[in-house]
Amino acid sequence: MRKLFGTDGIRGVAGVAPLDRRTVFAVGVALARKLGAGATVVMGMDTRESGPWIAAALAAGLRESGARVESAGVITTPAVAFLARKHGFSAGVVISASHNPWEDNGIKVFGGDGYKLPDEVELGIEAEIERVLADGGGTSSEQQIPFGNDNQKSEDELPEVNEAYRAEYVRFLLEAVPGISLDNRCVVIDCANGAASAVAPQLFAELKGTVEVTHASPDGRNINLNCGALHPEIVAAEVKVRGASMGFTFDGDADRALFADEFGNVVNGDAVMLACARDLAARGELAGDLVVATTMSNMGLEAAFKRSGIKMLRAPVGDKYVLEEMRKSGASLGGEQSGHILFPARATTGDGLLTALVVLDVVHRSGKTLGELIADLKNFPQVILNVKVREKVPLDTLPAVAAAIAEAEEELRDSGRVVIRYSGTEALARVMIEAESQEAMTRHAEAIAGAIRAELGV
């Protein structure tokens with residue numbers, strides 16, 4: 001079992017273990033040791049106020065073990081993956097907690113191939129981190145750990161930002177979707193006051209149309225705050241008010257995107273996969289007529305795919321696990337309901353900005369609106385309840401919880417689905433129930449969530 005790494009890197013409250021300065025420094029030392037002599041690392045971050053001091057501590061740890069560090073500054077997570085692969089870095093590191101609130105932060109690591117690290121590699125890095133901490137933090141004494149124990153950034157220790165990297169990433173996106181155009185449409189973009197704020201305005205300025213940019217004024221504490229992919233209803237309302245053709249909304253590090261159609265309806269990752277899969281199939285580019293989704297994707301998506309002669313596989317939640325299944329099955333499209341969409345022919349990881357361009361391109365070539373492209377997607381009623389937990393113990397060891405789950409599974413065996421799992425990035429248990437009956441869905445979701453809350457609730 002991994003202790004530090006979740007489904008999307010190391011994550012927690014900034015300044016508190018494992019994101020206290022001493023541990024972050026140790027992560028840098030351990031990573032450099034694992035990468036080996038002569039390692040080079042490219043680093044980026046989102047807009048949280050803790051980003052600079054975490055980046056400085058991590059860079060100091062990397063340099064302590066002989067790695068050379070370059071910085072792309074504030075930039076999206078997929079941009080760092082692209083830069084690591086393009087320039088032959090040993091690794092790419094992103095300081096971000098994605099959709100989490102500003103108080104949190106995290107460390108995501110990509111290999112030099114641009115892919116997220118396999119679980120076994122992360123386990124090896126964890127073991128090395130433990131050794132570094134046991135040896136006194138990788139330095140000869142506690143006092144030698146840079147910056148003392150406070151969380152004030154040291155500008156002197158931050159790597160110099162290579163401003164050319166951002167422009168290079170924008171060029172990559174435009175080249176990845178040749179001929180992309182807004183067709184003089186008006187679109188609304190919600191940057192979540194996150195990393196997209198530094199890239200999206202420049203990217204969409206290259207296209208022919210009217211672009212209304214919102215939530216692109218980060219102050220270190222407003223990332224994801226009542227905006228972005230956590231609140232897609234915000235961009236949907238803006239589309240309606242402005243009479244726009246479409247809306248895009250990103251999470252804090254812009255590795256995923258959600259949409260709004262011309263009517264101001266929220267369009268999630270399931271609908272995006274449907275539109276993109278049909279487009280690829282029509283052009284003979286949907287390998288094996290197969291799409292990889294996750295356990296959270298709606299049964300309605302499965303039914304819509306079936307009508308189009310497309311098979312759907314389900315992977316565990318987490319874009320890295322979707323990608324693993326795609327590489328095994330040879331699929332050319334995969335993703336998550338939450339908006340992580342994977343186009344392996346174009347990029348090595350989920351990329352919200354790339355997804356926005358691909359969806360625009362599908363709309364452009366189809367001559368239809370986004371709403372028209374997904375009009376036949378009829379979702380089963382679905383509810384997801386998040387329960388804050390104080391610890392993550394196997395749910396089948398809790399009799400009341402196990403009984404509530406078993407009762408739901410028995411009743412919904414032929415008319416719904418029950419998916420109960422812990423979040424890989426937060427102290428949450430997620431209860432997802434899908435059913436033809438709204439009443440049964442609500443009843444079972446509340447019963448299971450109540451049982452978990454009684455046993456493990458904060």
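**View 1. Phe82 counts as buried, with a relative accessibility of 14%.** Buried means under 20% relative accessible area, computed with a 1.4 Å probe on protein chains only. Phe172, at 16%, also counts as buried. This is a predicted model, in which local features need pLDDT of at least 70 and side-chain atom pairs pLDDT 80 or more, while totals for chains, interfaces and linings use all residues. Residues are numbered from 1 along each chain as its sequence is written, and side-chain values use heavy atoms, without hydrogens and water.

**View 2. The structure holds five aromatic pairs (ring centres of Phe, Tyr or the six-membered ring of Trp within 6.5 Å).** One of them joins Phe82 and Phe172, which are stacked (planes under 30 degrees apart) at 4.4 Å centre to centre and 20 degrees between the planes. This pair links distant parts of the chain, 90 residues apart: Phe82 lies in helix α3 (residues 77-87) and Phe172 in helix α5 (residues 164-176). Helices are DSSP runs of H or I with at least four residues, numbered from the N terminus. Together with Tyr169, Phe82 and Phe172 form one aromatic cluster.

**View 3. Arg327 lies over the face of Tyr115.** The distance from the ring centre is 4.1 Å. For Arg, this arrangement requires CZ within 6 Å of the ring centre and within 35 degrees of the ring normal.

How values were computed. Phe/Tyr/Trp six-rings, centres within 6.5 Å; stacked < 30°, edge-to-face > 60°. Helix = DSSP H or I, 4+ residues; strand = E, 2+ residues; numbered from the N terminus. Buried < 20%, exposed > 50% of the residue type's maximum accessible area, 1.4 Å probe, protein only.
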